[in-house]
Amino acid sequence: MERVFIYRNIQLSREQWFKTPSHALGNHQAQVRYVTKLRFMIGLAQRMNEMTGNVGNPAVQTLMGELAALVSVYETMLLAHETIGPIDNKGVLWPSVTTLYSAMALQSELNGRMLETVRELTGSAMITLPSSLADFENPETSGDIERYMRSASSDAKSKVALMRLAWDFIGSEFGSRHQQYEKFYGGASFIVKQNVYRNFDFKRATALVDAALKLPPISEA
């Protein structure tokens with residue numbers, strides 16, 4: 001029993017998450033992980049573009065610009081968790097919960113959109129990949145694979161390795177599980193959005209409306 005901190009105390013069981021920074025800190029480290037994953041994702045997309053020679057294609061640049069904008073939004077929100085987070089009366093820095101929960105709320109919707117952009121950039125290249133390394137080692141097929149699977153800037157093995165990595169990231173069972181995880185790791189989206197609602201400073205926003213209308217603020221019931 002010396003390791004049991006809470007027992008049959010419903011109120012304390014709930015308050016440990018929101019009266020202490022444990023919930024915010026736990027999800028903050030998850031966002032650190034997620035931003036690192038997004039950097040890997042856009043790096044993977046850029047390497048594919050370089051391999052295919054499409055870096056200068058305006059359509060590709062447009063897709064990559066949108067992807068870069070979303071990755072930058074998440075990275076900036078992550079920094080905001082720390083830079084605008086409050087320090088409590090015990091000297092503990094809390095991540096900014098409004099910014100944190102906002103990032104989590106957007107993550108469940110935008111992660112799939114970003115993966116779809118990467119999928120668009122890969123085109124049909126992942127479908128035409130050799131089934132395994134054995135195809136390179138088979139003397140009957142290796143010559144054709146080395147000839148037809150290379151790109152203008154890389155040999156066949158390098159190209160296949162990169163595209164296999166892309167397939168693992170977005171198309172395989174492993175990639176699909178990650179997509180499902182990123183959508184629901186913080187709970188159902190409506191729960192995360194309710195967390196945003198409870199923590200957002202609506203008084204500051206409505207004060208601007210009241211000032212514009214030159215009316216006294218409506219008293220809360």
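Two rings of Phe, Tyr or Trp form a pair if their centres lie within 6.5 Å. Keep that rule in mind for the first stop. One caution before you click: this is a predicted model.

**Stop 1: the ring cluster**

Select Y197, F200 and F202. Ring pairs link these three residues into a cluster. By the pairing rule, the structure has five aromatic pairs. Zoom in on Y197 and F202. Their ring centres are 5.1 Å apart and their planes meet at 50°, so this pair is tilted. An angle under 30 degrees would count as stacked, and one over 60 as edge-to-face. Is Y197 buried or exposed? Y197 is exposed, at 58% relative accessible area. F202 is partly exposed, at 38%.

**Stop 2: helix α9**

Now select residues 189–199, which make up helix α9. Which residues of this helix are buried? They are V192, N195 and V196. Turn the view to look down the axis of α9. The buried residues fall within an arc of 100°, so they line one face of the helix. An α-helix has 3.6 residues a turn, so residues three or four places apart point the same way.

What covers the buried residues of α9? The cover includes α2 (22–52) and α4 (97–122). Show both helices, as the next stops use them.

**Stop 3: a bridge from α4 to α9**

Side chains of opposite charge can pair when their charged atoms come close. Select E109 and K193. They form a salt bridge, with the closest N and O atoms 2.4 Å apart. The pair links distant parts of the chain: E109 sits in helix α4 and K193 in helix α9, 84 residues apart. E109 is partly exposed, with a relative accessible area of 46%. K193 is partly exposed too, with 36%.

**Stop 4**

Select K37 and E182. This is another salt bridge, and its closest N and O atoms are 2.8 Å apart. Here, too, distant parts of the chain are linked: K37 lies in helix α2 and E182 in helix α8 (residues 173–184), 145 residues apart. Are K37 and E182 buried or exposed? Both are buried.

R33, K37 and E182 are linked in a network of salt bridges. R33 lies over the face of Y185, at 5.8 Å from the ring centre.

Then pick K183 and F184. The charged end of K183 sits over the ring of F184, 5.8 Å from its centre.

**Stop 5: E15 and K19**

Go to E15 and K19. Their side chains meet in a salt bridge, at 3.4 Å from N to O. E15 is partly exposed, with a relative accessible area of 23%. K19 counts as exposed, at 59%. How many salt bridges does a search of the whole structure find? It finds eight.

**Last stop: R8**

Finish at R8. This residue lies in the segment before α1 (10–18). Check the backbone angle: R8 has a positive phi of about 55°, although it is not a glycine. R8 counts as exposed, at 76% relative accessibility.

Technical notes. Residues are numbered from 1 along each chain as its sequence is written. This is a predicted model: local features need pLDDT of at least 70, side-chain atom pairs count only at pLDDT 80 or more; totals for chains, interfaces and linings use all residues. Side-chain values use heavy atoms; hydrogens and water are left out. Helices (H or I, at least four residues) and strands (E, at least two) are DSSP runs, numbered from the N terminus. Buried means under 20% relative accessible area, exposed over 50%, partly exposed in between (1.4 Å probe, protein chains only). The arc is that of the directions from the helix axis to the C-beta atoms. Contact means heavy atoms within 4.5 Å. A salt bridge is a side-chain nitrogen of Lys or Arg within 4 Å of a carboxyl oxygen of Asp or Glu. Rings of Phe, Tyr and Trp (its six-membered ring) pair if their centres lie within 6.5 Å; planes under 30 degrees apart count as stacked, over 60 as edge-to-face and the rest as tilted. A charge sits over a ring if NZ of Lys or CZ of Arg is within 6 Å of the ring centre and within 35 degrees of the ring normal.
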